[in-house]
Amino acid sequence: MPQVHDFGNNVFGVTGLHHIAGIGVNAGFILASDTVIHIDSGMTITDGEYLLSKSKEKATQQENVLLILTHHHSDHIFGMRIFKEVDAEVIAHENVRKFLSHRRLFSFRTLLDSYKPFIVKMMVEKLSYTKERAERELGDVKLFPPDQTFKDDKTLQMDDQELLLLYTPGHVPSETSVYHPISKTLFAGDTIYQDMPLTTRFGGPKEWKQWIESLEKLERLDIENIVPGHGKICKKDEIRRNIEYLEDFLSR
Ligand SMILES: [Zn+2]
């Protein structure tokens, strides 16, 4: 069951959304004066709907929706159709656009059609769902390239809220961590895994070294709570554990 965590200052983390490996995936949202800012959209249409319904519950006057994607992986973006249906502006690192660009979107959609049965199969195996339930939860996934991209770190001023979009490659080259300075909350995407092995298979030693540098960059921030890509809400010491995991991985 997903859980919503209130960090104060209109900042919320969401943990335990559907994931095909059964490890859960996280997301979050922040209420600015006119805009609901979502960070990631979950892996299924059901979770996209869940996230939007939770932010709507808290939002009083916010009419606009902004969706920040931490990277391009399915477990963080497959719910995005729900946000596009309410005219959300999608912002992500330019490498997300490269992965989801118009030019490649057709082939990506073809790929998507062959990927959906795999997700359904995994949900049946790992989550013990019936095939019908898995298909219903996953829903009619559609992907869209970001409306706005950035290359280096970016300060995002959205109404009364300031966010830092920090480029933190390593897990994949499109990885962004979102930092909210007022509440000292870090939405780390898959730059940080809580109490579990890191998914290193998308890179080699060069990327793992880059990942350590990204974690060291995050370690310099003043942090109260971390919403990792996977696992429970954690504290700053989890960054050290992730660095040590990668250093150990590199030395082997
Ligand atoms: Zn992930």
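Q: Before we start, what should I know about the numbering and the model?
A: Residues are counted from 1 along each chain as its sequence is written. The model is predicted, so local features need pLDDT of at least 70 and side-chain atom pairs count only at pLDDT 80 or more, while totals for chains, interfaces and linings use all residues.

Q: What is the strand order in the open sheet of seven strands?
A: Let's settle the terms. Helices (H or I, at least four residues) and strands (E, at least two) are DSSP runs, numbered from the N terminus. Two strands pair if DSSP finds at least two bridges between them. Here the seven strands run β1-β2-β3-β4-β5-β6-β7, and the pairing is mixed. β1 (3-6) and β7 (148-150) are the edge strands; each has a single partner, so one side of each is left without a neighbour in the sheet. From one strand to the next the twist averages 20 degrees. Angles like this run from 0 to 180 degrees between N-to-C directions, with axes being lines fitted to C-alpha atoms, for helices over the stretch in contact.

Q: In which sense do β4 and β5 pair?
A: Strand β4 (residues 35-39) and strand β5 (residues 64-68) pair in the parallel sense over five bridges. As one example, H38 has L67 in β5 as its bridge partner. Helix α1 (residues 45-58) packs on this sheet, touching β1, β2 (11-17), β3 (25-31) and β4, and its direction makes about 30 degrees with that of β3. Contact here says that the C-beta atoms of two residues, placed from the backbone, lie within 7 Å.

Q: How many residues of β3 are buried?
A: A residue is buried if 20 or more other C-beta atoms lie within 10 Å of its own, exposed if 12 or fewer, and partly exposed in between, with C-beta atoms placed from the backbone. In β3, seven of the seven residues are buried, so the strand is largely enclosed by the rest of the structure. Both faces are covered: V25, A27, F29 and L31 lie on one side, and N26, G28 and I30 on the other.

Q: Which partners does β3 have on its two flanks?
A: β2 and β3 pair in the antiparallel sense over five bridges, and V14 has A27 in β3 as its bridge partner. β3 and β4 also pair in the antiparallel sense, over four bridges, with F29 opposite H38 in β4. A hairpin of three residues joins β3 to β4.

Q: Is G13 buried or exposed?
A: G13 lies in strand β2. With 23 C-beta neighbours inside 10 Å, G13 counts as buried. Leaving aside its neighbours within four places in sequence, G13 is in contact with H5, F7, N26, G28, V227 and I233. The C-alpha atoms of G13 and N225 are separated by 9.5 Å, although these residues are 212 apart along the chain.

Q: What is the strand order in the open sheet of five strands?
A: The order is β8-β9-β10-β11-β12, again with mixed pairing. β8 (154-158) and β12 (225-230) stand at the edges with a single partner each, so one side of each has no neighbour in the sheet. Here the twist averages 25 degrees from one strand to the next. Strand β9 (residues 161-167) and strand β10 (residues 176-180) pair in the antiparallel sense over four bridges, with L165 opposite V178 in β10. Helix α7 (residues 205-219) packs on the sheet, touching β9, β10 and β11 (185-193), and its direction makes about 165 degrees with that of β11. Helix α8 (residues 237-251) packs there as well, touching β11 and β12, at about 20 degrees to β11.

Q: At what angle do α7 and α8 cross?
A: Two packed helices are described by the angle between their axes and the distance between the axes. The axes of α7 and α8 come within 10 Å and cross at roughly 160 degrees. They are therefore roughly antiparallel to each other; angles under 35 degrees count as roughly parallel, over 145 as roughly antiparallel, 65 to 115 as roughly perpendicular and the rest as oblique.

Q: Where does E247 lie?
A: E247 is found in helix α8. With 12 C-beta neighbours inside 10 Å, E247 counts as exposed. E247 and W208 are 39 residues apart in sequence and 8.4 Å apart in space, C-alpha to C-alpha.
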